[in-house]
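Hi,

Here is the structure I promised to pass on to you. Have a look at it first, and then read my notes below.

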Amino acid sequence: MIVLGMHDNHSASVCLLVDGEILAIAEEERYTRVKMDSGFPKASIDALIEQYPYEMANIDYVGVACIFQSYKDFATKRYPGFKIRDFLIEENKYWLPILNGEKPNYLKVMKDYINLQNCHYDLKKIKNPDDSEELQNLRRSHIADYLNISKKKVFFIDHHLSHAHHGFYSSQIDTDAIVFTIDGWGDFANATINMVRSGKLECIYRTDQFNLGRIYHFVTLLLGMQPEQHEYKVMGLAAYAKEHYIVEPLKVFEKMYKVEGLDIKPLMKIKNHYQYLKNELEGYRFDAIAGAAQRYVENMLKEWVRNWVKETGINNVILTGGVALNIKASKIISELDSVSKIHVPMGSGDESLSIGAAQYMWSVKNDPTLLQKIDSPYLGLGYSNEDALSVLDHPYVKENFNIKENCSPKDIASILASGEIVAYMQGRMEFGPRALGNRSILASPIDQNIVQVINTAIKNRDFWMPFTPSILAEFAPKYIINPKKIDARYMTMAFDSTDEAKNKLKAAIHQVDSTLRAQLVFKELNPRYHAIISEFSEMTGVGALLNTSLNIHGKPIVHKPVNVIDEILVNPLVELNYFVFDDFLIYRKGKESI
Ligand SMILES: [Fe+2]
């Protein structure tokens with residue numbers, strides 16, 4: 001049976017599931033080169049058709065995540081189109097008048113943002129923008145037409161059920177588990193709980209009152225950062241807040257909602273979360289606001305998960321949905337005495353909805369026990385030989401770089417050990433927002449000074465954001481404190497660091513709280529990346545590398561080698577001298593090859 005999973009809002013993607021196994025996942029942003037790109041994922045589908053023509057011509061079912069989508073999201077391309085100023089205009093022109101008793105029409109007040117050409121769906125056919133069924137029919141027709149299949153094969157899957165299925169089927173937990181899905185919003189809910197018993201998921205709780213994702217979204221906006229993209233910067237900043245600064249702003253958050261047993265209770269009637277937070281947080285320091293928001297999220301999640309574990313007697317916890325990207329909160333939950341195992345999947349935000357939708361679709365049309373679990377992140381598509389060779393003939397490369405063939409893991413490790421930074425790519429893309437050694441910028445983690453070099457010369461990152469390490473799995477006990485043996489292959493969990501890590505991995509741990517968002521590198525999952533780090537450990541005694549994603553600020557992770565040239569190396573503000581793909585080393589003229 002061949003199932004195509006699809007997600008068509010922000011972070012759009014497609015997932016090809018054949019005979020119970022995921023063959024590939026394609027994220028739209030990687031092809032259109034627009035970060036978190038939204039809408040019908042045409043470019044991703046085309047890429048799958050090119051690579052898997054037989055399977056794509058013989059689809060049995062399409063599972064599309066989200067039963068309901070919003071006309072205004074498609075018409076304005078709100079995500080990822082809106083910038084900070086646009087969100088503020090939306091708040092002031094649309095939401096604030098509602099608070100004041102007016103009834104503005106969204107499409108009228110935001111008319112400057114509407115561009116129906118931006119959307120693959122023919123929105124001109126929609127007679128009533130408020131009729132979600134009419135929009136669903138348009139989506140169904142377009143998907144069926146494009147894939148040349150019957151409309152009867154296209155099904156729409158609940159947003160949170162999609163999150164839950166991806167959470168469970170990407171975990172190594174085979175016994176009973178509780179799956180928590182927590183996010184900003186999807187199909188009229190922002191949190192659900194699914195019980196897994198004997199490999200079957202059952203949704204037992206659903207609420208639209210767990211507004212943690214929304215609160216974090218508005219705090220991000222209030223701090224002058226991009227909502228839905230820069231929440232991780234608020235989390236990184238939170239660690240810098242002094243404890244006594246947090247006390248008062250924390251009360252602002254605690255007045256909103258509380259955990260009561262298994263449920264979430266609103267403590268006041270909040271008509272507009274943004275205006276409430278804006279008014280109540282005025283005058284507090286920026287870092288205190290970040291710290292208080294983070295503490296509130298941690299406390300709420302900790303209590304809620306603990307209560308559910310106690311009630312059900314099930315100690316295995318899976319966290320997914322956008323809020324599960326908050327690794328500090330996941331870390332605190334992982335430390336609960338009553339939690340035995342915890343899993344946070346790769347790409348727990350909406351980019352993985354296509355995976356969960358495909359898995360759900362399979363589980364209702366086939367035997368769920370035949371559905372294979374995901375155990376590798378390298379499920380994206382690769383690039384062709386032609387793509388690779390085009391780089392060697394690229395005029396900018398010819399003018400500015402030398403080329404060395406047969407570059408070995410030892411060669412790469414030598415460059416890194418000498419203190420240089422290497423852009424590295426090989427094979428199939430890792431799925432999700434974390435680079436895991438196939439689309440990575442690598443450096444030695446030993447010298448802290450490298451942080452500033454990468455921040456200013458390449459990534460243009462904020463000074464308070466930490467870098468992360470890829471650690472040889474066999475070195476894990478040396479560097480991370482992980483008594484519960486949490487699966488850390490996807491870089492979705494944070495750990496406390498050992499004294500040796502504090503000493504040897506200075507450039508890849510959080511400068512204030514010394515936590516590590518570690519990726520453990522297993523030889524069987526990525527032999528070449530494992531070999532590079534092994535060679536580096538032979539030379540330096542350190543079994544880890546600093547690993548950050550291969551992109552520049554604001555762009556998606558690269559897909560093929562030419563993206564590295566066109567988006568990164570040609571940029572006059574970027575100083576990057578070494579680029580390795582496959583066995584080719586491209587190094588700037590004037591630099592040594594090894
Ligand atoms: Fe979601």
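A term to begin with: axes here are lines fitted to C-alpha atoms, for helices over the stretch in contact, and angles run from 0 to 180 degrees between N-to-C directions. Helices (H or I, at least four residues) and strands (E, at least two) are DSSP runs, numbered from the N terminus. Please keep in mind that this is a predicted model, where local features need pLDDT of at least 70, side-chain atom pairs count only at pLDDT 80 or more, and totals for chains, interfaces and linings use all residues. Residues are numbered from 1 along each chain as its sequence is written.

Now to a helix pair. Helix 9 (residues 159-169) packs against helix 16 (residues 353-365) with axes 7 Å apart and an angle of about 90°. That makes the two roughly perpendicular, a label for angles of 65 to 115 degrees. Residues of helix 9 including His159, Leu161 and Tyr169 meet residues of helix 16, among them Leu353, Ile355 and Tyr360; contact means C-beta atoms, placed from the backbone, within 7 Å.

Eight strands form an open, mixed sheet in the order 13-23-22-14-15-21-16-20; two strands pair if DSSP finds at least two bridges between them. Strand 13 (401-404) and strand 20 (519-521) are at the edges with a single partner strand each, so one side of each has no neighbour in the sheet. On average, neighbouring strands are turned by 30° against each other, direction ignored. Strand 13 pairs with strand 23 (residues 584-588) in the antiparallel sense over four bridges, and Asn402 has Tyr587 of strand 23 as its bridge partner. Helix 19 (residues 409-417) packs on this sheet, and its direction makes about 150° with that of strand 14 (422-425). Helix 24 (residues 561-569) also packs on the sheet, touching strand 14 and strand 22.

Then there is the hairpin of strand 9 and strand 10, with two residues between them; Gly261 in the turn has a positive phi of about 65°. Strand 9 (residues 257-260) and strand 10 (residues 263-266) run antiparallel and are joined by four bridges, with Lys258 opposite Lys265.

Finally, the inside. A nonpolar core is a set of buried Ala, Val, Leu, Ile, Met, Phe, Trp, Tyr and Cys residues joined through C-beta atoms within 7 Å, and buried means 20 or more other C-beta atoms within 10 Å of a residue's own. The largest such core has 169 residues, and Val317 is one of those with the most contacts inside it. Helix 14 (residues 286-312) gives the largest share, 13 residues.

Enjoy exploring!

Conventions. Contact = placed C-beta atoms within 7 Å. Parallel < 35°, antiparallel > 145°, perpendicular 65-115°, else oblique. Buried ≥ 20, exposed ≤ 12 C-beta atoms within 10 Å, placed from the backbone.
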